[in-house]
Amino acid sequence: MEYRLLGTTGLKVSRMTLGTNNFGRDVDEQTSVRVMRKAIDLGVNSVDTANVYTKRRSEEIIGKAIRGDRERFVIATKVGNDVGEGPNDSGLSRKHILWQVEESLRLLQTDHIDIYYMHSFDQESPLEETLKTFDRLVRDGKVRYVACSNFTVAEMKAAGEVSERLGLERIVALQPPYNLLNRGVEKETLGYCAAEGIGTITYSALAGGFLTGKYADGIPAPSGTRGALYPKFWGRMNRPENYAVVERFKAVARRAGIPLSQLALGWIAKNPAVTSMIVGASRPDQVEENVRQLSERPPADALAALDAIPVPPPT
Ligand SMILES: NC(=O)c1ccc[n+]([C@@H]2O[C@H](COP(=O)([O-])OP(=O)(O)OC[C@H]3O[C@@H](n4cnc5c(N)ncnc54)[C@H](OP(=O)(O)O)[C@@H]3O)[C@@H](O)[C@H]2O)c1
């Protein structure tokens with residue numbers, strides 16, 4: 001496994017980060033722990049969760065899995081999305097963050113979070129309040145690094161200006177979506193992050209499994225897969241234009257004599273602006289396969305061919 005420095009920090013993260021938003025949902029606790037153990041055995045040191053995943057079962061299961069072995073892992077969690085329906089049950093106010101960080105620490109069974117993300121930009125909370133709170137968490141030793149997810153360049157610039165002006169801990173990483181079917185960050189975000197020394201830990205590398213090629217137009221999703229279990233995901237992905245473009249990716253993979261998933265992961269890995277890519281798994285053998293595919297570099301002409309294939313706008 002290759003490790004990279006996260007932005008301008010001294011923190012080393014594996015090229016693959018384990019995604020866990022299915023832990024405790026369709027993936028039971030025992031299997032989730034086996035998935036984590038497999039990942040660490042293969043050199044993955046970076047694990048991504050959030051306070052809103054699977055009604056907090058994800059954080060809880062990770063807490064059990066890392067007990068006694070905490071420092072082998074770089075644990076990231078997030079705050080800001082809805083944990084309830086009350087007026088202060090979401091957002092990036094001091095009140096909400098300080099409540100949620102304690103819940104995350106308790107469930108993760110640790111006294112610190114390595115990377116703490118603002119899950120998405122909060123239009124209502126003043127950035128000064130949010131960033132001072134995050135800075136305080138670093139000073140108190142509860143958080144090692146401050147990061148953001150789903151921020152635009154303008155939002156990162158605004159946060160950078162506040163951190164600079166007030167001498168606060170700055171955002172060291174962005175977590176945006178990025179895969180063959182969703183290339184929006186290529187336009188300006190990845191370039192901005194590279195120029196500013198902000199690391200990127202990108203998500204949905206396989207578009208939720210769609211880029212493994214296991215789904216086909218007009219055929220029901222195989223049982224047990226996300227496509228079969230989650231109508232919202234299926235409604236988003238099960239579209240003729242997605243199948244059409246995946247067929248073109250498959251043709252490139254066939255010509256190169258490699259699996260589609262290898263091409264999908266290798267295509268992200270070739271981008272120097274990506275520090276680590278998050279990949280989820282519902283079984284240990286998927287982790288094994290994904291790590292193996294990432295270690296094999298697809299031919300350069302196949303990767304270039306993918307760049308030339310236009311993709312439909314993400315839904
Ligand atoms: N910051 C954010 O707003 C945000 C948003 C979304 C996700 N994320 C993070 O990114 C992580 C990954 O996202 P994601 O799960 O949407 O996307 P993903 O990594 O593209 O897809 C993971 C899914 O693909 C299938 N899969 C993985 N490896 C496979 C293999 N070798 N063969 C066949 N199927 C395979 C599995 O689903 P099945 O077995 O069920 O088919 C697995 O759960 C999340 O867990 C989360 O940590 C963050």
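The structure is a predicted model, in which local features need pLDDT of at least 70 and side-chain atom pairs count only at pLDDT 80 or more, while totals for chains, interfaces and linings use all residues. Residues are numbered from 1 along each chain as its sequence is written.

The secondary structure of the chain comes to twelve helices and ten strands. Helices (H or I, at least four residues) and strands (E, at least two) are DSSP runs, numbered from the N terminus. The C-alpha trace spans about 55 × 40 × 35 Å along its principal axes. Of the 315 residues, 46% count as buried. A residue is buried if 20 or more other C-beta atoms lie within 10 Å of its own, exposed if 12 or fewer, and partly exposed in between, with C-beta atoms placed from the backbone. Among contacts between residues at least 6 apart in sequence, 78% join residues at least 24 apart. Two residues are in contact if their C-beta atoms, placed from the backbone, lie within 7 Å.

Eight strands close into a barrel. Their order is β3-β4-β5-β6-β7-β8-β9-β10, and the pairing is parallel. The twist averages 30° from one strand to the next. Two strands pair if DSSP finds at least two bridges between them. Strands of a sheet pair through backbone hydrogen bonds, either parallel or antiparallel. Strand β3 (residues 16–19) is joined to β4 by three bridges in the parallel sense. Here L18 has V47 of β4 as its bridge partner. Four bridges join β3 to β10, again in parallel. M16 stands opposite M277 in β10. Strand β9 (residues 199–202) pairs with β10 over two bridges, also in the parallel sense. There I201 stands opposite S276. Axes are lines fitted to C-alpha atoms, for helices over the stretch in contact, and angles run from 0 to 180 degrees between N-to-C directions.

Strand β10 is mostly covered, with five of its five residues buried. S276, I278 and G280 point one way from the strand. M277 and V279 point the other way. G280 is also among the closest of the 28 residues that surround the ligand, together with G19, N21, L206 and G209. Two elements give two or more residues to this shell, β10 (276–280) and α11 (284–295). A residue is near a molecule or strand if its C-beta atom, placed from the backbone, lies within 6 Å of it. The shell divides into seven nonpolar, 17 polar and four charged residues. Ala, Val, Leu, Ile, Met, Phe, Trp, Tyr, Cys and Pro count as nonpolar, Asp, Glu, Lys and Arg as charged, and the others, Gly among them, as polar.

Helix α2 (residues 57–66) is mostly covered, with eight of its ten residues buried. These are R57, S58, E59, E60, I61, I62, A65 and I66. The elements that cover them include α1 (29–41), β4 (46–48), β5 (74–79) and α3 (94–108). G68 follows the helix and has a positive phi, near 85°. Q109 lies in the loop between α3 and β6. Its C-alpha is 8.1 Å from that of E60, although the two residues are 49 apart in sequence. Leaving aside neighbours within four places in sequence, Q109 is in contact with G63 and R67. Q109 is partly exposed, because 16 other C-beta atoms lie within 10 Å.

Two residues other than glycine have a positive phi in loops. T54 has a phi near 45°. T54 is found in the loop between β4 and α2. It is buried, because 20 other C-beta atoms lie within 10 Å. A207 has a phi of about 50°. A207 is placed in the loop between β9 and α7 (226–229). A207 counts as buried, because it has 20 C-beta neighbours inside 10 Å.
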